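Colleague: Could you walk me through this one slowly? I am new to reading models.
Modeller: Gladly, here it is.
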Amino acid sequence: MSVTYRVNGGKQLQGTVFIQGAKNSVLPMIGAALMASKGRTVLRNIPIIEDVRRAVELAQAIGAKADLHEAERTLVIDASELSSPVLPAEIAARFRGSFLFVPALLHRLGEAVIEGVGGCNLGSRNLDFHYNGFKRMGATVTEHDTDSADGGYIHVKVGQLQAGTLYCDTPSHTGTENLVMAGALANGTTLIKNCALEPEVLDNIDFLQRMGAQIEGGGTGFIRVTGVEELTAVEHTVMPDRIDAGVLVMACAITGGEVSLVGAELEHLGVAVDKLEQMGVEFSQQGAVLQVRRERPLRPINIITDEYPGFATDLQSPIMALATQAVGESYIYERIFDSRFQLAEELIKMGASIEVASNQRAKVYGSTPLSGAKTIAHDLRSGAALVLAGLAAEGETEISQAYFIDRGHSNFAERLTALGADVHRETV
Ligand SMILES: CC(=O)N[C@H]1[C@@H](OP(=O)(O)OP(=O)(O)OC[C@H]2O[C@@H](n3ccc(=O)[nH]c3=O)[C@H](O)[C@@H]2O)O[C@H](CO)[C@@H](O)[C@@H]1O
Ligand SMILES: C=C(OP(=O)(O)O)C(=O)O
């Protein structure tokens, strides 16, 4: 099945939109829920996105009972009988979060067979911090035919994980989550240095603590985890998705509209708030509702992506689309990933003026009128960014390979349509 989005631009967004639960929070939580050997975990505020559907299929493939109640946005997981250590390629290679199942498999079955790990193609996406951490905790990591056409598999094996002193060379998001989960049922106290500070990492620590994990130092660069005998199945509500919120803020901004975002938290957006304010976006937080408006012409901006609370790399593509409508020269330095500019060529098809100076540095010259074109989503956020560009363009923008958008934004076309946009999702 192929997915295409069609956007007819020129409509100002007005109204109220609901922010989904966080993709990057729920995926590690599903991995963590698999560590509970008794009871049923209940996760609420689940985003109904393709990555969650894949995670449910993967949990079922290793023997867990996982029921996704889409209308209730609730996921119930019973992991009492895990039966297979194999993360099969046909599911695991379709999303990044599959690798977050490894700690549970090591704790519960003593091994994990990783046939593939997916996620957006953004250049190198190494996993050495994870594997080196597992090794320091006593695991062996063996590659089997990983140079072959089908990619082979990696076998991680351990009797029981032993506590260790671990680190990330840079504060990896899923790296921190995996090492914390590895420490949670290990023998002794594990110290992890140079940890990620992202709100989703903290949400997952909160969830693990409710399960009975002993974790100190979340939100600092140093996390100490004292292994416990077992973790209990609990109930938890997934935090709102700050990237979904940021994308919708920029959708409002690119059309010069005014929108209320229910569930969005300004603080979670970090430096992105300041950058958007400099561009001319006005924010006002009223309890759980974030009011956003853009009236004045957009000003250009300099962006350097960074770990939280720096400017999130996942918002880099949408701000590139927004910058095409700012008057003047914007500069973007992508620090986190070494190849996240495939969007530029698609925006250029629509009339944008963008100079990609290197894999990580680009200049956007605005404002240029955009016109509808046939474009390709190369990854999740470039797909969302093309929808934003389409909102500002004259005529129809077609975005193919749009499964990527569905990986991370729930009911994206419907939510934008409810704000007055003309966006359709088609499947063939
Ligand atoms: C499912 C999930 O949560 N995905 C998010 C997570 O991805 P993910 O956790 O994969 O991103 P990381 O923070 O691990 O990666 C950041 C950088 O560190 C490098 N690195 C990472 C691990 C490692 O073992 N070795 C290594 O060199 C990567 O190649 C990359 O250049 O954080 C990214 C950065 O905020 C976000 O864009 C993704 O949306
Ligand atoms: C890069 C992203 O996701 P993933 O790590 O799941 O590929 C993203 O959410 O933009």
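Modeller: Cys120 sits in the loop that runs between β7 (111-114) and α5 (128-136), where helices (H or I, at least four residues) and strands (E, at least two) are DSSP runs numbered from the N terminus. This is a predicted model, in which local features need pLDDT of at least 70 and side-chain atom pairs count only at pLDDT 80 or more, while totals for chains, interfaces and linings use all residues. Residues are numbered from 1 along each chain as its sequence is written, and chains are lettered from A and ligands numbered from 1 in the order in which they are written.

Colleague: Is Cys120 buried or exposed?
Modeller: Cys120 is buried, because 21 other C-beta atoms lie within 10 Å; buried means 20 or more such atoms within 10 Å of the residue's own, exposed means 12 or fewer, and partly exposed is in between, with C-beta atoms placed from the backbone.

Colleague: What is Cys120 in contact with, leaving aside its neighbours within four places in sequence?
Modeller: Those partners are Asp379 and Leu380, a contact being two C-beta atoms, placed from the backbone, within 7 Å.

Colleague: Switching topic, where does ligand 1 lie?
Modeller: Ligand 1 lies between domain 1 (3-17 + 241-427) and domain 2 (25-235), because both give residues to its shell, the bounds coming from an automatic or database domain assignment.

Colleague: And which helices supply at least two residues each to that shell?
Modeller: Those are α1 (23-33), α5 and α6 (173-184).
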